[in-house]
Amino acid sequence: MNGVWSWDRALQVLPELLDGLVVTVLATVVGMVIAAVLGLLVALAGRAPSRWVTAPLRLVVDFVRMTPLLVQLVFVYLMLPAVPGIVVGCVVLGVHYATYMSEVYRAGIDAVPRGQWEAATALNLPRGRTWRAVILPQAIKNTLPGLGNYAVSMFKETPFLFAISVVEMFTAAQTFGANTFSYIEPLTMVGLLFLLVSYPTSLLVRRMETRLA
């Protein structure tokens with residue numbers, strides 16, 4: 001690869017990419033926490049008996065799911081100029097993926113056998129305790145593989161944060177390439193770093209799917 005690939009350039013850009021990797025992982029972890037909590041709340045609100053709750057909620061969820069993540073990031077960033085880009089990125093990633101995770105939670109709740117509801121009723125458990133002690137533990141266990149897949153997907157979409165001035169791995173590679181006119185090394189190493197993190201995570205999710213099947 002002489003003349004195309006330079007190990008010197010690869011070593012030169014590595015510290016910047018590792019700094020970007022920290023930002024990438026941070027955005028994924030925070031975004032995932034927001035998505036997991038908000039997605040559960042959306043799934044529970046979606047089971048409300050009143051259409052005055054479910055209809056507007058469905059409209060908002062559909063709007064978020066049917067508009068591109070990149071557009072949402074840029075729109076919110078421009079609307080909130082005083083908020084740091086990394087904060088906007090984490091929140092928008094979390095809200096965007098919460099709409100998908102709410103469907104995973106809904107499916108997990110629906111998969112809880114009806115007998116569990118009937119047993120809780122027979123034991124005269126309060127509604128809140130039925131959810132906390134009987135339904136949600138089983139539903140969340142059913143949804144863990146799906147949530148893991150969305151975590152991997154979110155991690156791979158963090159390069160969109162470049163649009164709101166967040167210096168994650170891809171932005172760091174682009175900046176290095178623009179300064180040195182060499183893109184092969186930084187972009188190749190970005191791909192390898194993504195693979196290094198996402199592949200073990202996907203194996204973990206697959207193992208989880210097997211154990212919970």
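Visitor: At what angle do helix 1 and helix 4 pack, and how far apart are their axes?
Guide: In this predicted model, helix 1 covers residues 7-45 and helix 4 covers residues 85-110. The packing angle is about 45°, and the axes are 5 Å apart.

Visitor: Is the crossing of helix 1 with helix 4 left-handed or right-handed, and what classes of residue form the contact?
Guide: Helix 1 passes helix 4 in a right-handed crossing. By class, the contact contains 23 nonpolar, four polar and one charged residues.

Visitor: Which residue contacts the side chain of Glu185, and is Glu185 buried or exposed?
Guide: Glu185 belongs to helix 8, residues 184-212. Buried means under 20% relative accessible area; the value for Glu185 is 0%, so this residue is buried. Its side chain makes a polar contact, at 2.9 Å, with the side chain of Arg9.

Visitor: What distance separates the end C-alpha atoms of helix 7?
Guide: Helix 7 comprises 12 residues, 169-180. At 1.5 Å a residue, the helix should span 16 Å.

Visitor: Which residue caps the N-terminal end of helix 7?
Guide: The backbone nitrogen of Phe170 has a side-chain oxygen 2.8 Å away. The residue that supplies this oxygen, and so caps the helix, is Glu168.

Visitor: Which residues of helix 7 are buried, and which residue follows the helix?
Guide: The buried residues are Met169, Thr171, Ala172, Ala173, Phe176 and Gly177. After helix 7 comes a residue whose phi is positive, near 60°, namely Phe181.

Methods:
Residues are numbered from 1 along each chain as its sequence is written. This is a predicted model: local features need pLDDT of at least 70, side-chain atom pairs count only at pLDDT 80 or more; totals for chains, interfaces and linings use all residues. Side-chain values use heavy atoms; hydrogens and water are left out. Helices (H or I, at least four residues) and strands (E, at least two) are DSSP runs, numbered from the N terminus. The expected span of a helix is 1.5 Å times one less than its number of residues. Buried means under 20% relative accessible area, exposed over 50%, partly exposed in between (1.4 Å probe, protein chains only). A polar contact is a pair of N or O atoms within 3.5 Å; within protein, one must be able to donate a hydrogen and the other to accept it, and residues adjacent in sequence count only if both atoms are side-chain atoms. Axes are lines fitted to C-alpha atoms, for helices over the stretch in contact, and angles run from 0 to 180 degrees between N-to-C directions. A crossing is left-handed if the near helix is turned anticlockwise from the far one by less than a right angle, and right-handed if clockwise. Ala, Val, Leu, Ile, Met, Phe, Trp, Tyr, Cys and Pro count as nonpolar, Asp, Glu, Lys and Arg as charged, and the others, Gly among them, as polar.
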